[in-house]
Amino acid sequence: MRDRARAVVIGGGVGGCSILYWLTRLGWDDVVLVERADLTSGSTFHSAGLVGQLRGSLSLTRMMMASVELYRSIGDEVGLETGWREVGSLRLASSPERLEEIARQAGWAKTFGLPLELVSAAEAQELFPPMASDGVLGAAFLPTDGYVDPSQLTFALAEGARRGGGEVSPSTRVLSIRVRNGRVEAVETDRGTIETEVVVNAGGMFAQELGALVGVNVPIVPMAHEYLVTRPSGLPLEMPTMRDPSLLVYFRPESGGLVVGGYERDPAPWSLEGIPADFNGKLLEEDWPRFEPLLENAIRRVPGLAEMEVVRLINGPEAFTPDGEFILGPTDVRGFWVAAGFCAHGLAGAGGMGQLVAEWIVEGTPSLDVWHMDSRRFGAAYASREYTVARTTEVYSTYYDVKYPGHEREAGRPLRLSPAYPRLVELGAAFGEKSGWERANWFEPNAADGDESLRPRGWAGKLWSPAIGAEHRACREAAALFDESSFAKIEVSGEECGGAARAALRQPGRARRRRDHLHADAECARRGGVRLHRHSARRGPLPHRHRYRVRPPRPRLDPAARA
């Protein structure tokens with residue numbers, strides 16, 4: 001094993017191997033991956049393998065599309081089988097809300113170039129013959145989706161990385177990560193020390209304990225996820241995968257049989273006090289009582305399942321996050337990166353995720369807008385394990401729910417309250433939440449002054465109030481008072497405060513402002529777009545070297561007077 005590397009990736013699952021592969025593709029050939037046991041021995045080996053591209057955000061959809069593009073070619077590139085089967089996918093709609101959801105998805109898919117088709121219940125049954133069409137109003141069919149063998153894909157990515165100069169070191173347990181002056185310096189393992197300036201925590205369900213080695217909180221919770229595998233029963237081999245979100249279940253073909261799983265309403269967080277040190281390549285015990293409601297739903301959709309022989313019920317831990325998004329990017333410890341919390345669709349996104357993280361490391365900026373996945377988005381509230389578990393459990397149990405515009409999660413609330421909170425309650429505030437803070441979205445008593453006819457039709461108008469328009473007009477035409485207790489606040493003082501303030505604003509001269517005046521600023525990203533929006537104010541006199549005079553404006557002369 002090398003004793004010096006440009007980057008060290010910790011974790012030999014599909015995510016870590018993808019990052020290593022893409023680092024070598026981008027020219028970093030002095031890179032090492034260390035894995036505590038064997039490749040895929042965490043969560044990857046027991047993944048159900050479904051790959052669906054269309055997701056709830058532009059960035060995640062682009063990642064999934066990049067994954068499919070890679071999965072089509074990586075096998076030929078390295079001469080290994082990946083198990084990629086591009087059989088397509090069906091997503092059923094069993095309610096008017098679901099039908100509107102897939103109709104909106106079909107329109108959105110066209111903007112990505114995805115060939116998503118809306119099909120009837122009968123057409124869906126033709127594609128997936130064992131399905132019963134009772135209650136199905138329609139379906140979305142995406143022919144470029146499919147499924148892949150998780151272990152074979154991981155080994156192919158690892159081989160591609162080796163060919164690019166990377167080193168893969170299994171059976172290498174990380175003991176500590178050396179940090180000096182806030183920057184990563186080395187990774188110490190049971191096989192020796194590797195000096196490096198870049199460490200990527202791709203530890204999957206172990207990512208939290210790896211982050212703790214450098215004082216970085218990675219708020220993930222292992223959730224016990226179950227699916228069953230049936231014996232071959234003569235089903236068509238090229239059936240598409242199928243999801244029925246109203247029944248909380250998914251299906252994929254498996255050698256003439258089926259793989260059947262889902263997301264139950266009463267999920268089981270696992271090993272909250274710490275994952276056993278020897279939990280490598282292992283599964284949890286079968287939990288039939290917890291899986292039974294999903295099995296009943298699955299039989300409603302595929303009645304023949306009741307007669308199929310079950311080979312095994314797979315029960316394995318998957319790392320979920322408190323908001324259902326990946327955790328990607330740099331941290332407050334310079335050189336320490338995180339790529340974890342893939343919420344049971346890491347296999348679908350691994351190819352694109354690895355490319356994005358590698359680009360971010362090499363070029364300094366991600367190629368997609370991934371602010372909602374940024375590893376630094378979680379505030380101090382997530383240091384509470386109880387709060388993190390509550391939020392994550394809600395994410396899992398509502399995995400297949402329709403997320404209407406303006407959707408707010410409820411678990412763990414209220415957590416952080418401003419001094420104005422009691423008064424906001426008295427005024428009839430409809431609360432949202434940001435970083436654990438309760439914030440007023442609108443005040444429902446103002447709905448009487450709004451225009452109900454402006455309510456968006458159908459799906460988009462579920463979580464909406466006429467009060468929004470009334471309060472918007474009040475802001476524009478009169479005045480409004482906002483509770484900004486939830487905003488982060490930074491105070492700069494001392495002899496260098498003027499220069500420090502200008503440096504923080506990254507705009508020369510902007511710190512020289514009139515005392516007690518509030519100014520709004522936007523910080524732009526290097527590739528365009530807005531990184532953040534802030535308010536700033538000068539609260540006292542500047543030190544002598546930064547003092548200035550405010551000159552009165554020159555009088556404007558009348559053109560006739562000039563003449």
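Reply:
**A salt bridge and its setting**

Arg 2 and Glu 167 form a salt bridge, with their closest N and O atoms 3.2 Å apart; the term denotes a side-chain nitrogen of Lys or Arg within 4 Å of a carboxyl oxygen of Asp or Glu. Because Arg 2 lies in the segment before strand S1 (7–10) and Glu 167 in strand S8 (residues 167–169), the pair ties together parts that are 165 residues apart in sequence. Helices (H or I, at least four residues) and strands (E, at least two) are DSSP runs, numbered from the N terminus.

The model is predicted: local features need pLDDT of at least 70 and side-chain atom pairs count only at pLDDT 80 or more, while totals for chains, interfaces and linings use all residues. Residues are numbered from 1 along each chain as its sequence is written, and side-chain values use heavy atoms, leaving out hydrogens and water.

Arg 2 is partly exposed, at 27% relative accessibility, whereas Glu 167 is buried, at 18%. Here buried means under 20% relative accessible area, exposed over 50%, and partly exposed in between (1.4 Å probe, protein chains only).

The whole structure holds 27 salt bridges. One of them joins Glu 159 to Arg 162, at 3.7 Å from N to O. Both residues belong to helix H5 (residues 150–163), where Glu 159 and Arg 162 are 3 residues apart, about one turn of the helix. Glu 159 is partly exposed at 23% relative accessibility, and Arg 162 is partly exposed at 38%. Elsewhere, a network of salt bridges links Arg 178, Arg 180, Glu 185 and Glu 188.
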